[in-house]
Amino acid sequence: MHEVDMTKSLILTLRNWWEEQPEQPSISCVHLIVGRFTCVEPASLQFAFEVQTRNTFLDSATLQIQETPLIAYCHQCQHEYHPEIGIQYACPTCRSPMDDIRSGRELKIDRIEYTTPSEQLEARS
Ligand SMILES: [Zn+2]
């Protein structure tokens with residue numbers, strides 16, 4: 001399953017970041033940008049994340065997924081268009097095949113919400 005592997009590499013990236021921090025922060029939310037053309041199902045990704053982060057440093061973290069649409073650019077007509085995923089990957093005006101994807105293939109961490117141990121101490125006092 002596509003999403004399981006993606007979640008594994010996502011967790012690995014988060015772990016590397018987490019271990020590099022001077023104080024291990026507590027991560028509350030991970031904002032992810034997922035392009036429509038990655039074929040990632042947000043619900044499956046949510047599920048995989050939930051299962052794989054159980055009892056780890058990401059146990060209390062939630063995943064926020066923001067999807068970006070598929071946008072391609074036609075050099076013939078010099079305009080952007082939205083190909084219909086699974087139906088047609090060509091320019092609606094001149095029918096040239098989609099060759100320049102401007103958006104929709106990204107899968108990246110947008111930002112991480114977290115608190116550091118010292119911030120938590122301050123909040124308590
Ligand atoms: Zn065109």
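Predicted model: local features only at pLDDT ≥ 70, side-chain atom pairs only at ≥ 80, totals over all residues.
Me: Where does Arg102 fall, then: buried, exposed or partly exposed?
Reply: Arg102 has a relative accessibility of 43% and therefore counts as partly exposed.

Me: Which residue does Arg102 pair with in a salt bridge?
Reply: The side chain of Arg102 meets that of Asp100, with an N to O distance of 3.1 Å.

Me: And is Asp100 buried or exposed?
Reply: Asp100 is buried, because its relative accessibility of 18% is under the 20% limit.

Me: How many salt bridges are found in the whole structure?
Reply: The search returns 4 salt bridges. One of them joins the side chains of Arg36 and Glu67, at 3.0 Å from N to O.

Me: Where do Arg36 and Glu67 sit in the chain?
Reply: Arg36 belongs to the loop between β1 (26-35) and α2 (42-53), whereas Glu67 is in strand β2 (residues 62-68). The two are 31 residues apart, and the pair links distant parts of the chain.

Me: What is the relative accessible area of Arg36, and what is the relative accessibility of Glu67?
Reply: Arg36 has 42% and is partly exposed. Glu67, at 33%, is also classed as partly exposed.

Me: Changing topic, which residue meets Glu113 in a salt bridge?
Reply: Arg111 does, with 3.7 Å from N to O between the side chains. Glu113 is partly exposed at 32% relative accessibility, and Arg111 is partly exposed at 44%.

Me: Why can such side chains pair?
Reply: Side chains of opposite charge can do so when their charged atoms come close.

Technical notes
Residues numbered from 1 in each chain as written. Heavy atoms only, no water. Helix = DSSP H or I, 4+ residues; strand = E, 2+ residues; numbered from the N terminus. Buried < 20%, exposed > 50% of the residue type's maximum accessible area, 1.4 Å probe, protein only.
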